[in-house]
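Let's take a walk through a protein model and stop at a few spots along the backbone.

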Amino acid sequence: MRIHSAEFSAYIWVCENLRLLDLAWNSPWTWIFCFLAVDVGYYWFHRFAHEVNFMWAFHQVHHSSEEYNLSTALRQSIFQRYTSWVFYVPIAFFVPPSIALVHIQFNTLYQFWIHTELIKTLGPLEYILNTPSHHRVHHGRNPYCIDKNYAGTLIIWDRMFGTFTPEDERIVYGVTHPLNSWNPIYIQFCHIIHMWNTFWSMSGIGHKLSVIFKGPGWEPGKPRLGCIEDIPKVKYPCPKYNSRYGVFGDVYILIHFLTIYLAFEDIARQVSGLSQIVVLCGMGYIVLTLTSIGAICDRKSYAPLLEFVRCALYLILDATWTNTCAPILRICQVINKAKVVRGLFTLSATIWLVNGIRNVNGKKTKSA
């Protein structure tokens, strides 16, 4: 229950205080009813997440990828969970919390495998289930794909509520106005910032509230969801954002990403035995790492300095906090190769320091 404790507490309270029926937890009918109720609840949450601007500000993170594969399924907002739970609360009038939680997890797990281009069609199952083909449409930014195929497990809801469309022309993935960034912080907050700026630029409380509660494409004088004619027309193949550093950059990022992933896994396993300051500092360092990796991928001018500071920070903490390894990061305990990790961060800091110095000298030469 720890994963959903904050949001699911409302479900538990409603079930314990306001439930209308006591459905038996071991009845097949309870499980069938919950399966359908959770799935239709997800459909409406997902639809609102596209048609209500402040919810889209969270959900757009998932749609920002220009690729469509299993990793896209893991590209999630840190805020979305605080809006999705509302759509499952009505089930609490009938279904025990444990059963609802199981079905919510099943619903999420089902949607993982449909993020693929490898499976073209599932034949007759296409009429009932949400399939890779249907979900590819949902992730497209072609005009015919916009606001279509919201289903979780069953595509019947889209067919019933008029939001279904089959896969037709080759799909271009991503949001209608590409973000062109690998920075995870920017991707998480960019639409929130855009919505904030738009809110204050509008005159009148009606327009300001419309910015929040109408669709992301709304403008004064236009329908609630905006005009489909305003969607940029794209056709496959379409250029994708690409700012790679080459083979060196790919290998470097992979090594440091795996290193920090192991650190995250260690913190997650031992979180109950760690102090709050260690957990917060560890998570802060992970965010710093992901931000720095994003800056490297985006070829930002400040990337060498940021990455040098990140690597140097680890070495300083490692040397200052303990003789064996920095307890804030706990990377060495995971890999159990303290010298290897220190060598990796020392070499990395040196590379980026030299790189930064070269960049500064290059700018001076150009200005001269």
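Asn 180 counts as partly exposed, because its relative accessibility is 46%; buried means under 20% relative accessible area, exposed over 50%, and partly exposed in between (1.4 Å probe, protein chains only). Asn 180 sits in the loop between α8 and α9 (184-201), and its phi is near 50°, a positive value in a residue other than glycine. This is a predicted model, so to speak of local features takes pLDDT of at least 70, side-chain atom pairs count only at pLDDT 80 or more, and totals for chains, interfaces and linings use all residues. Residues are numbered from 1 along each chain as its sequence is written, and side-chain values use heavy atoms, leaving out hydrogens and water.

Now hop to Asn 149, in the loop between α7 (132-138) and α8 (156-161). Its phi is positive too, near 55°, but Asn 149 counts as buried, at 0% relative accessibility. Why point these out? Most residues other than glycine have a negative phi, and most peptide bonds are trans. The bond from Tyr 236 to Pro 237 is cis, with omega near 0°.

On to the helices (DSSP runs of H or I, at least four residues, numbered from the N terminus). The axes of α9 and α10, lines fitted to C-alpha atoms over the stretch in contact, come within 8 Å and cross at roughly 165°, on a scale from 0 to 180 degrees between N-to-C directions. That makes α9 roughly antiparallel to α10, a word for angles over 145 degrees. Contact (heavy atoms within 4.5 Å) involves Met 195, Thr 198, Phe 199 and Trp 200 of α9 and Lys 208, Val 211 and Ile 212 of α10.

Definitions and conventions
Helix = DSSP H or I, 4+ residues; strand = E, 2+ residues; numbered from the N terminus. Parallel < 35°, antiparallel > 145°, perpendicular 65-115°, else oblique.
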